[in-house]
Amino acid sequence: MTKKILLLGSGELGKEFTIAAQRLGQYVIACDSYAGAPAMQVADACEVFSMLDGEALDRVVEKYRPDIIVPEIEAIRTERLYHLEKEGIQVVPSARAVNFTMNRKAIRDLAAKELGLKTAKYFYASSYEELKEAAGKIGYPCVIKPLMSSSGKGQSVAKSEEDLKYSWEYGCSGSRGDIKELIVEEFIHFDSEITLLTVTQKNGPTLFCPPIGHVQKGGDYRESFQPAHIAPEHLAEAQQMAEKVTRALTGYGLWGVEFFLSHENGVYFSELSPRPHDTGMVTLANTQNLNEFELHLYAVLGLPIPGITQEHIGASAVILSPVSSQKAPQYRGEELVCSQPNTYLRIFGKPATRLNRRMGVVVCYDKNDGDLDALRDKCKSLAAKVEVY
Ligand SMILES: Nc1ncnc2c1ncn2[C@@H]1O[C@H](COP(=O)(O)OP(=O)(O)OP(=O)(O)O)[C@@H](O)[C@H]1O
Ligand SMILES: NCC(=O)N[C@@H]1O[C@H](COP(=O)([O-])[O-])[C@@H](O)[C@H]1O
Ligand SMILES: [Mg+2]
């Protein structure tokens, strides 16, 4: 049956979700704060407005009367979703999940205090004085982030008290909306970090994808690979935590649950996205029978998922803009990437650049017994050859 899906946020993740939805004959209205966003290029209809404006959101809902609302970013007037859900619109995965995960305080307190999951030690600070006190208690280095932000915006590592002035200013300036409150976290010296893509279903058990390893810089993802080779007991622990937190948040869909792994201290829960994850773009490399966008769609529509199987090993590496311009970006190096076997280039089609804005991704795959380290190197070196200007 065709459903009307209102997609709130139309970046690269929304574009792939929309493509998956179109392939199953669904009707997608893509929304974002700027025209020509990636998902708008492949959707049935689009709307440009600030999704932080509750009244504007209500107007768009009234205009289209969607069956399903699929949030794609965190910057949404999420409280409105509760009443839309009460009115009978399916909010993905649930209004509760979207509200808890848009603010680090809500999700961290739920995970650490209510569910008892192991996390980095943390405190909140709503003034520079409180930040100094919190950092003093946690010790250095410590990680400082706005309560509302994503992709590392406003995030810094303070190595000593001298860095706190900068962390306070940078954190407040990178915060979404006007809240001036930061989280201060113990710095975890992890050996690796993973995203565990987790699928909750209406009529079926919770499913897990093979774990995805990734490397971040400045709080933003640079490369990912699948499967990450981790100790079986760490995987089992991460799966239990993912099951617990997604069950507490309620709803159906695919989630990106993030963990830090340490040989010495085990598994730490970090945070989660109630939607496809940027590091999960590696699943565009035919690593699984269904990629993360298809899995999200199946779970949202309540379609049966015939299990998740690993078909190939894969790697992804991002293409960032070295410039900032309102001009339509141009690209060089496509021929080289496209000439490689088992490789795809995905240019998102964003209409303008910012310094370090993610503009595309290269994904590569190999047979299951292939060399994952060599594949990661190949993928990174190809992505580095794509020039944005
Ligand atoms: N307490 C910590 N100790 C060590 N490293 C950390 C800590 N918190 C965050 N990081 C590093 O910064 C990265 C980004 O942090 P986090 O996921 O909290 O930010 P984000 O802005 O929500 O990112 P995204 O929205 O892309 O998931 C982590 O993946 C990790 O590499
Ligand atoms: N870590 C979250 C993430 O990767 N989100 C993805 O980035 C887009 C925003 O990109 P932009 O800032 O370049 O517009 C979002 O719309 C989503 O697709
Ligand atoms: Mg993260």
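Visitor: Which residue has a backbone N or O atom 3.1 Å from an oxygen atom of ligand 2?
Guide: Look at ligand 2, where a polar contact is a pair of N or O atoms within 3.5 Å. An oxygen atom of ligand 2 has a backbone N or O atom 3.1 Å away, and that atom belongs to Leu-13.

Visitor: Before we go on, what kind of model is this?
Guide: Residues are numbered from 1 along each chain as written, chains are lettered from A and ligands numbered from 1 in the order written, and side-chain values use heavy atoms, leaving out hydrogens and water. Local features need pLDDT of at least 70, side-chain atom pairs count only at pLDDT 80 or more, and totals for chains, interfaces and linings use all residues, since the model is predicted.

Visitor: How far is a polar side-chain atom of Arg-358 from an oxygen atom of ligand 2?
Guide: Side chains reach ligand 2 too. Asp-278 has a polar side-chain atom 3.0 Å from a nitrogen atom of ligand 2. For Arg-358 and an oxygen atom of ligand 2, the distance is 3.0 Å.

Visitor: How much of ligand 2's accessible area does the protein cover?
Guide: Accessible areas come from the Shrake-Rupley method with a 1.4 Å probe; for residues, only the protein chains shown count as cover. On its own, ligand 2 has 450 Å² of accessible area, and the protein covers 80%.

Visitor: Which domains does ligand 2 lie between?
Guide: Domain bounds come from an automatic or database domain assignment. Two domains give residues to the shell around ligand 2, so it lies between domain 1 (4-91) and domain 3 (192-388).

Visitor: And which domains does ligand 1 lie between?
Guide: Here too, two domains give residues to the shell. So ligand 1 lies between domain 2 (121-186) and domain 3 (192-388).

Visitor: Is Glu-271 buried, partly exposed or exposed?
Guide: Buried means under 20% relative accessible area, exposed over 50%, and partly exposed in between (1.4 Å probe, protein chains only). Glu-258 is buried at 11%. Glu-271 has 26%, so Glu-271 is partly exposed.

Key:
Polar contact = N/O pair within 3.5 Å; in protein donor to acceptor, adjacent residues only side chain to side chain.
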